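Reader: Can you walk me through this one? I'd like to start with how the chains meet.

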2 protein chains.
Amino acid sequence: VTGARVGIDIGGTKTQAVVLDDEGGIAAEAKVPTGFGAEGVIASVRDVLALLSMPDAGIGTVGVGIPGAVDPARGRVTHAVNLGLADLALGDAVAALAGAPVTVENDVNAAALGAFHLLGYGPDRSLAYLNLGTGMAAGIVLDGRLRRGAWGAAGEVGHIAVDPEGVLCSCGQRGCLETLGSGSAVARQWPQGGDHPVRSLFEAAAAGDALAIGVRRRLIDTVASAVRVLVLTVDVDDVVLGGGIASLGDRLLDPLRDALRDAESTSPFLASLGIPDRVRILPSKRRVAAVGAALAGTAPKSP
Amino acid sequence: VTGARVGIDIGGTKTQAVVLDDEGGIAAEAKVPTGFGAEGVIASVRDVLALLSMPDAGIGTVGVGIPGAVDPARGRVTHAVNLGLADLALGDAVAALAGAPVTVENDVNAAALGAFHLLGYGPDRSLAYLNLGTGMAAGIVLDGRLRRGAWGAAGEVGHIAVDPEGVLCSCGQRGCLETLGSGSAVARQWPQGGDHPVRSLFEAAAAGDALAIGVRRRLIDTVASAVRVLVLTVDVDDVVLGGGIASLGDRLLDPLRDALRDAESTSPFLASLGIPDRVRILPSKRRVAAVGAALAGTAPKSP
């Protein structure tokens, strides 16, 4: 394949695109608001491609990351509630716009590939990209290859239920990790936070508000549980935090590492696994999902 | 390599060995009691090798499975409490006895390879072998290769803690899945069961004993949780149950599938994953760990 690798990250509010250079760096990028429904989403892709400075060689491959259930083999989005999509042949639609082969991938899986690349990992390394957005889900890259799983459910740690008496989750179970360790969980428990509940929560907690400290504690403890689940199942080298909550940076990472160390203090088994030092956050400006989408466009497929 | 593949499964009470034929079938087998401590364990290996009918071609490779922490790269057992081993160069000792290269593997990992082979799976398939013995741990085979994990902790689902108020686990955490979903958990909660607590428990529960029914319920629900954890992280094609508790066969599998279906009844998400039909038990006579050990002796290494 000649021509550049293009990656498009269709987010809930904005659609970002990148062109990768031969070394995998970002040669060009563009951004537009994301429209709603099939027509709106496809229009956003058309608009962002029009804004993108293309290299002379043109487009070689396109990868599209989208928040929802996808069928990568057929290039279809089967379910993307927040974007108003039910069943859409997104791959075909984008291929018609770009004049190049298109791969459609779940956005968290795409971001996992992007993180793997941006961290400079080689094919003997593994990571989980734990996305803390409205929901909680992980993308898993093992030995350099994305693992989607036999039924596409790899990394769905947000729907591991740990408390039968817990809050009803959108998935229908009770007490899923997502019900305490996500943006929607914070919004529910900290309604006074308005449009930016997580930021508001952390500010109130830092100011000593007892309720906020409790909600933040549950958030941190639940993210710590999710990190341990990822280590005690796939045992990736690193767990990279992403999504809106991860933009808190050290305000999230420091107490998270403390919580992981607390658990180690009573468990020599956990202490032997070095988990606190295996958690990290990527700088948020690095376009991880769009870069990963570009890589998904050319990556060898793995179940 | 010419010569036969030999597998040795060093269990807590008995040591089993098999010779594989060229097609991977069992050409010969033998069994001896397992001795205690370094000398006892090595004597057991010597004795079982002496009993084994060797093919004319002699021994090509040897794989040894052992219940404990191993360093496969160096062929060392670093920790095997039940066998009285602290740090032992088991690979070198067995190589001296067998006159062939030796691979040392954790017994659950070996059994996972054995199950994969005995089920006739090809390299595009994945499974978890969930061992329900004194403890709970899984071996994971992804796309035909054993996944040990970056720190050797892949499949340690028994030490995922789900209840901060739960029972203290041998690992130092509280409320690990192992504290309710293992043979030691049953022995603790059903002390009247004597030397065969699980069998006694299931008999008492079948006879209507209310306490037994409760303990069995918690066991089944916890195994169901572990199965879901494996699907929602690595999403293997199948979860194969092994270990002493799995010898209950359908008396375990039927209520386990019921529990998995119960969880589906309120969760369309879970229902979309077909988990009840992905759980199975291998016939117990199939020497899964010894066969897997033989395969570990020749399998390509994966982190």
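Author: We'll take the interface, then the cysteines. One caution: this is a predicted model.

Reader: Fine. How many residues of chain B are in contact with chain A?

Author: 43 residues of chain B, against 43 residues of chain A.

Reader: And how much area do they bury between them?

Author: About 3100 Å². Carbon and sulfur atoms account for 57% of it.

Reader: What's the count of salt bridges between chain B and chain A?

Author: Four. One pairs A:Asp143 with B:Arg147. Their closest N and O atoms are 3.8 Å apart.

Reader: How many residue pairs are in polar contact across the interface?

Author: 24, counting pairs with both residues at pLDDT 80 or more.

Reader: Which elements of chain B give two or more residues to that side?

Author: Two strands and two helices: β9 (136–142), β10 (145–147), α6 (210–231) and α8 (268–271).

Reader: How do the residues on chain B's side divide?

Author: 20 are nonpolar, 13 polar and 10 charged.

Reader: Is A:Cys171 buried or exposed?

Author: Buried, with a relative accessible area of 5%.

Reader: And where does B:Cys171 stand?

Author: B:Cys171 is in no disulfide either. The sulfur of B:Cys176 is the nearest, at 3.7 Å. B:Cys171 is buried, with a relative accessible area of 6%.

Note on methods
Residues numbered from 1 in each chain as written. Chains lettered and ligands numbered in written order. Predicted model: local features only at pLDDT ≥ 70, side-chain atom pairs only at ≥ 80, totals over all residues. Heavy atoms only, no water. Contact = heavy atoms within 4.5 Å. Buried area = accessible area lost by both parts, 1.4 Å probe. Salt bridge = Lys/Arg side-chain N within 4 Å of Asp/Glu carboxyl O. Polar contact = N/O pair within 3.5 Å; in protein donor to acceptor, adjacent residues only side chain to side chain. Helix = DSSP H or I, 4+ residues; strand = E, 2+ residues; numbered from the N terminus. Nonpolar A, V, L, I, M, F, W, Y, C, P; charged D, E, K, R; others polar. Buried < 20%, exposed > 50% of the residue type's maximum accessible area, 1.4 Å probe, protein only. Disulfide = S-S within 2.5 Å.
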